[in-house]
Amino acid sequence: MISLLRKMRKTGRVAEPAPEPAAGDTVPAAAELGGSVQIRHIDAGSCNGCEVEIASAFGPVYDAERYGARLVASPRHADALLVTGPVTRNMEVALRRTHEAVPEPRLVIALGDCARDCGVFAGAYGVAGAVKDVLPVDAEVPGCPPKPEAIVEALRGLTGR
Amino acid sequence: MNAAGASLLSALGLCLVSALAGATAPRRVRPLLAGLGTACAGAAAAAAGVAALAGQSWSAWLPGVLPLAGARLALDPLGGMFVAVTGAVAVCAAVYGIGYAKHGVDGRVTQATLPLFLGAMLLVPVAASVSTLLVAWELMAVTSLLLVLAEHARRPAVAEAGLWYAVMTHLGFAAIVAGMAGFAAGAAGESFEQLRAATLSPAVRDAVFVATLAGFASKAGIVPLHVWLARAHPEAPSPVSALMSAAMVNMGVYGIVRVGLDLLRGGPSWWWLVVLAMGALSALFGILQAAVASDLKRLLGYSTTENMGLVLIGVGAAGFFASCGDKELAGLALVAALLHVVNHAGFKTLLFLAAGSVLRATGTRDLDALGGLRGRMPYTTALFAVGALAASALPPGNGFVSEWLLLQSLIHALPTSGVAGAVTMPPAVGVIALSAGLAIATFVKAFGVGFLARARTPAAGRAAESPPTMICGMALAAACCVALALAPAAVLPALSHLVAVLLPGHEAVGGVVTLRLADVQGTMSPLLIAAALAVAAALLLGSVRLVARRARRPARLWDCGAGPMTPRMEYTATSFAEPLQRVFDNVLAPESDLAVTPTKESAYLVESIHYRARIPDRIERRLYDPVLAAAASIGRGATRLANGSIHRYLAYGFYALTGVLLVLAVVW
Amino acid sequence: MTGLVGAVAQVVVVAVGSPLLVGLMRKIRARLEGRVGAGVLQTWRDLRKLCRKEAISPHGTGWVFRMAPLVLAGTALVVASVVPLVTTQSPMDGVADLFAVAALLALGSVALALGGLDTGTAFGGMGASREVTLLALVEPTILLSVFALSVRVGSTNLGEIVTAAVHDPMAVISPVSLLAAVALGVVTIAETGRIPVDNPSTHLELTMIHEAMVLEYAGPDLALIEWASGMRLFVLLGLLAGLFAPWGIATAGAGPVAVVLALVVLVFKVAVLGAGLAAGEVFMAKLRLFRIPELLAGSFMLALLAVAASYFLA
Ligand code: SF4
């Protein structure tokens with residue numbers, strides 16, 4: 001316990017200072033949320049590269065939580081769905097149902113090139129389409145995988161902070 | 001004759017009339033006539049009991065009714081309380097029984113026996129001599145046994161339960177006979193007045209108390225004499241279960257209080273510590289078994305053992321304090337115990353009747369097969385909820401008030417009752433607390449798994465609400481529970497008064513809206529709690545409505561986006577109780593067996609797996625099974641003596657006769 | 001009169017302050033983990049947003065599911081109005097009994113457990129089962145600690161216990177108090193679902209207790225539940241502070257200045273305790289479910305010792 005304490009003191013704050021919010025990037029539909037966005041992440045068929053980046057976006061260095069975003073366990077608690085990967089046929093219905101399970105107002109973020117336009121998986125036999133073919137998308141994060149900075153910036157666009 | 005006596009006699013008369021109606025009326029109107037008659041008898045008895053509690057006393061000597069000494073009856077406040085409780089339970093059960101009888105219990109024997117059973121139960125607390133008490137006691141045992149066996153043709157388990165009950169109740173009866181006979185032999189006569197005046201040697205007093213305690217405790221379903229209760233109460237038809245579990249078990253408590261505190265005028269503190277220990281053991285063991293039971297009526301039966309255990313903790317504490325000379329605390333503990341008797345009668349009637357309603361509608365008592373009754377049986381569900389709230393001793397239920405009083409009496413004992421108290425009271429409080437906690441788990445399980453969510457079987461999915469008479473019976477019981485919960489002050493003065501007569505002292509509890517304990521600091525206002533909760537909930541509802549911007553929306557259950565969730569995926573009662581079962585593994589000793597059948601082709605491929613888990617009653621396993629096994633083996637050995645040869649039997653007779661003659665010749 | 005004003009002020013402080021307490025604890029945790037954290041006000045923002053969202057009634061649920069959040073928050077509110085956090089002169093004296101308070105808190109948990117069961121989902125049932133198991137095991141410790149604390153005063157009325165402690169502050173530093181304090185501390189952690197008993201920020205359904213029951217709640221229902229959990233935490237921490245460090249609480253006949261002072265002291269004490277709890281959590285992992293009974297049995301032993309000590313040392 002003492003060693004842990006010492007380590008804490010030595011490490012101090014890991015989080016990088018918050019960059020200036022990018023102007024004009026806010027999502028109007030998110031205004032009602034008032035600076036608090038709970039996120040349910042859905043892997044609709046990703047290669048898991050995006051997941052690694054999400055984990056680091058919520059990790060100590062980028063600390064997306066400081067802007068009012070938080071990952072939750074149930075879509076009932078969520079305000080936004082964070083969808084990664086192309087929508088595979090197996091996940092299409094599940095994705096729709098998850099969206100249906102989120103109470104209004106609800107947002108959808110398509111994260112990564114796959115989610116935006118099927119990326120490297122475009123045209124594959126198991127792919128039903130991009131996220132926007134299945135659900136109305138409110139925000140997109142390009143990149144394969146997107147950088148944590150980009151993810152954080154998109155989230156800040158929703159929380160407005 | 002005063003009002004109390006008149007209504008008591010009319011109650012007994014009505015019992016006889018309804019028995020006659022039950023025996024002779026045609027099947028179509030039989031339940032209605034017998035049920036109405038029994039309900040009227042119950043109401044008259046309740047009136048008699050209330051009059052007795054209010055101070056009217058009545059006594060009678062009917063020389064012709066019983067041979068030798070005749071029947072002696074007397075109605076005093078203590079007996080009156082039990083008469084009132086029994087009468088009130090009978091009203092609910094009888095009204096309910098009118099609708100329930102169509103469910104296969106409208107036979108002549110059952111319909112005629114039920115009023116007789118009520119009459120016998122009314123006679124027990126008004127019996128004022130040893131012989132009257134014993135006759136009434138046996139009548140109660142026999143009639144209830146007949147009622148337990150009512151459905152024997154339909155379920156084989158009934159016959160087994162009846163056998164257990166018959167044996168246990170008669171062993172108990174034998175103990176009571178021995179105790180009371182010994183008592184009467186040492187006194188100038190057999191009427192209770194003479195018993196009160198008797199001066200016995202301490203050894204005889206001890207023997208009398210221990211023998212009667214064993215007998216009465218077995219009727220109250222106290223561990224380790226409870227084994228019949230968890231079998232007989234579930235197997236009886238539900239109105240009978242209610243009468244047995246809410247009224248008959250009380251007679252055990254009545255007996256202990258009457259003999260121990262009234263006739264023997266208290267005793268050494270070890271008597272009462274024994275009572276307290278038995279109560280604590282029962283409370284804990286009963287509720288543990290209830291917590292892991294998945295048969296709804298068996299669960300309720302074990303909960304009866306628990307509640308009688310709590311009552312005996314109170315009675316034991318009262319006797320103990322009295323023997324230490326602390327009359328005030330003794331009064332408080334006894335008031336708490338008696339109030340718990342009343343409360344338990346209220347909610348247990350309700351719960352057993354509601355369980356019967358479920359059984360009628362679905363044909364099963366197995367919680368693992370129920371569920372989803374909320375929508376199909378709204379009244380039964382709501383009424384069961386009232387009973388479950390009371391049984392889990394949470395405010396604003398009525399069980400909370402009596403448990404609070406009980407705890408108050410125990411915790412105030414520490415400074416005054418010496419080392420024995422200091423050693424006993426903390427564990428007793430711990431036991432009450434643990435049993436209260438487990439009771440919460442038990443009734444959350446019973447209500448949540450049995451009634452909420454979705455039906456686990458098609459039978460539960462087809463359930464339909466019970467007929468109005470049954471709902472009416474349950475609603476009466478629920479109304480009593482609510483009244484007792486909100487205004488315990490309606491009965492507490494009467495109970496305090498009766499206790500003040502029994503253990504000379506002043507009244508232990510006062511106050512109308514806020515209960516105030518007379519001799520120790522303590523205030524509690526059940527009404528205020530209920531009102532505050534209602535106001536808070538209304539306030540919250542209003543403010544949520546005010547700030548909410550969107551309407552409520554129905555939606556699919558969250559099933560992780562996958563296919564529909566089937567009822568098979570719901571938590572069952574067994575799985576609900578599994579953590580508790582694991583925590584109390586050492587006490588419960590659950591049994592399970594796993595049979596894996598491999599396919600013919602290979603030992604590594606599995607054809608089927610059978611898993612069976614059950615939680616036996618451990619006391620029955622350890623205490624009764626060896627005795628029964630020994631009896632059975634002796635019986636088998638004895639069959640070798642009787643091989644069917646007449647010659648041999650004649651030889652036995654010859655040897656026996658000469659043996660006796662020889663002994664006489666030598667001894668004389 | 002001061003009693004009424006104090007009680008109202010206390011309810012307001014608890015109601016407003018409890019989300020701030022939760023926010024503070026999250027912030028402290030974040031800082032110790034090297035993060036920045038979302039700020040103390042974030043919990044209030046979450047609640048405001050939840051109130052604006054729609055509530056959802058899943059198919060197959062009924063009045064039990066709907067009423068559970070109201071009952072949970074209602075009990076928390078009633079408890080917040082009777083415990084002597086600011087003043088010992090509660091206008092609802094008949095409810096200010098430690099047994100009644102414990103039972104009211106249990107009632108709230110039961111309501112939520114039934115709400116979880118009413119959904120008929122596996123997780124709802126699992127959470128309910130675990131919650132009531134813990135509840136059953138916590139109860140003996142609570143009542144025995146109450147017993148130990150009541151012996152010196154001769155009453156289980158909270159106001160009287162705290163008044164006695166205010167008038168005789170040295171008695172707080174006795175073996176009885178210390179043992180009871182540790183026992184009640186463990187109970188507080190278990191009741192409020194903190195580490196090591198439960199993890200309030202877990203995302204894994206299989207490790208959940210409290211969270212598993214509320215998986216189906218959305219919008220204002222969820223806001224009520226979260227707010228009520230915060231209030232329970234605030235009240236229990238405040239109660240712990242009041243029982244074992246009663247300095248500053250306004251007793252009978254105190255003026256308005258004393259009430260204001262008591263409010264400030266209360267906020268300070270609860271903030272310190274909450275900060276300590278949050279910091280402690282960083283050093284611990286959640287216990288396996290079937291190790292928790294051992295922890296609770298340990299606290300039960302401490303409570304029993306406290307009662308024994310209260311008799312033999314008195
Ligand atoms: S965008 Fe790239 S990293 Fe993300 S899922 Fe698609 S292929 Fe993987």
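## Close-up views of a predicted model

View 1. With a relative accessibility of 31%, Trp44(C) is classed as partly exposed. In this predicted model, Trp44(C) sits in helix 2 (residues 42-52) of chain C. Together with Leu4(C), Val8(C), Val12(C), Val16(C) and Leu41(C), Trp44(C) makes a nonpolar surface patch of about 510 Å². Which helix gives the patch its largest share? That's helix 1 (residues 2-32) of chain C, with 4 residues.

**View 2. Chain C as a whole.** Here we've got 11 helices and 1 strand, and from the N terminus on they go α-α-β-α-α-α-α-α-α-α-α-α. The C-alpha trace of chain C spans about 55 × 45 × 40 Å along its principal axes.

**View 3. What's around the ligand.** Chain A lines up Ser46(A), Cys47(A), Gly49(A), Cys50(A), Gly112(A), Asp113(A), Cys114(A), Gly143(A), Cys144(A) and Pro145(A) around the ligand. Sorted by class, the shell comes out as 5 nonpolar, 4 polar and 1 charged residues.

**View 4. Two salt bridges between chains A and C.** Arg70(A) and Asp46(C) pair up through their side chains at 3.6 Å, N to O. This one runs from strand 2 (residues 69-71) of chain A across to helix 2 of chain C. Asp46(C) counts as buried, at 3% relative accessibility. The other salt bridge joins the side chains of Lys53(C) and Asp79(A) at 2.8 Å, N to O. Lys53(C) is in the loop between helix 2 and strand 1 (56-58) of chain C, while Asp79(A) is in the loop between strand 2 and strand 3 (80-84) of chain A. Buried or exposed, what is Lys53(C)? Lys53(C) is buried, at 0% relative accessibility, and Asp79(A) is buried with a relative accessible area of 0%.

View 5. The side chains of Arg231(B) and Glu160(B) meet at 2.9 Å, N to O, in a salt bridge. Arg231(B) is in helix 9 (residues 229-235) and Glu160(B) in helix 6 (residues 156-186) of chain B, so the pair ties together parts 71 residues apart in sequence. Arg231(B) counts as buried at 19% relative accessibility, whereas Glu160(B) is partly exposed at 42%. Elsewhere, salt bridges with shared partners link Asp63(A), Glu65(A), Arg29(C), Glu33(C), Arg35(C), Arg194(C) and Glu281(C) into one network.

Technical notes. Residues are numbered from 1 along each chain as its sequence is written. Chains are lettered from A and ligands numbered from 1 in the order in which they are written. This is a predicted model: local features need pLDDT of at least 70, side-chain atom pairs count only at pLDDT 80 or more; totals for chains, interfaces and linings use all residues. Side-chain values use heavy atoms; hydrogens and water are left out. A residue is near a molecule or strand if one of its heavy atoms lies within 4 Å of it. Ala, Val, Leu, Ile, Met, Phe, Trp, Tyr, Cys and Pro count as nonpolar, Asp, Glu, Lys and Arg as charged, and the others, Gly among them, as polar. Patches are made of residues with over 30% relative accessible area and no salt bridge: like charges are joined within 9 Å, nonpolar side chains (Val, Leu, Ile, Met, Phe, Trp, Tyr) within 5 Å. Accessible areas come from the Shrake-Rupley method with a 1.4 Å probe; for residues, only the protein chains shown count as cover. A salt bridge is a side-chain nitrogen of Lys or Arg within 4 Å of a carboxyl oxygen of Asp or Glu. Buried means under 20% relative accessible area, exposed over 50%, partly exposed in between (1.4 Å probe, protein chains only).
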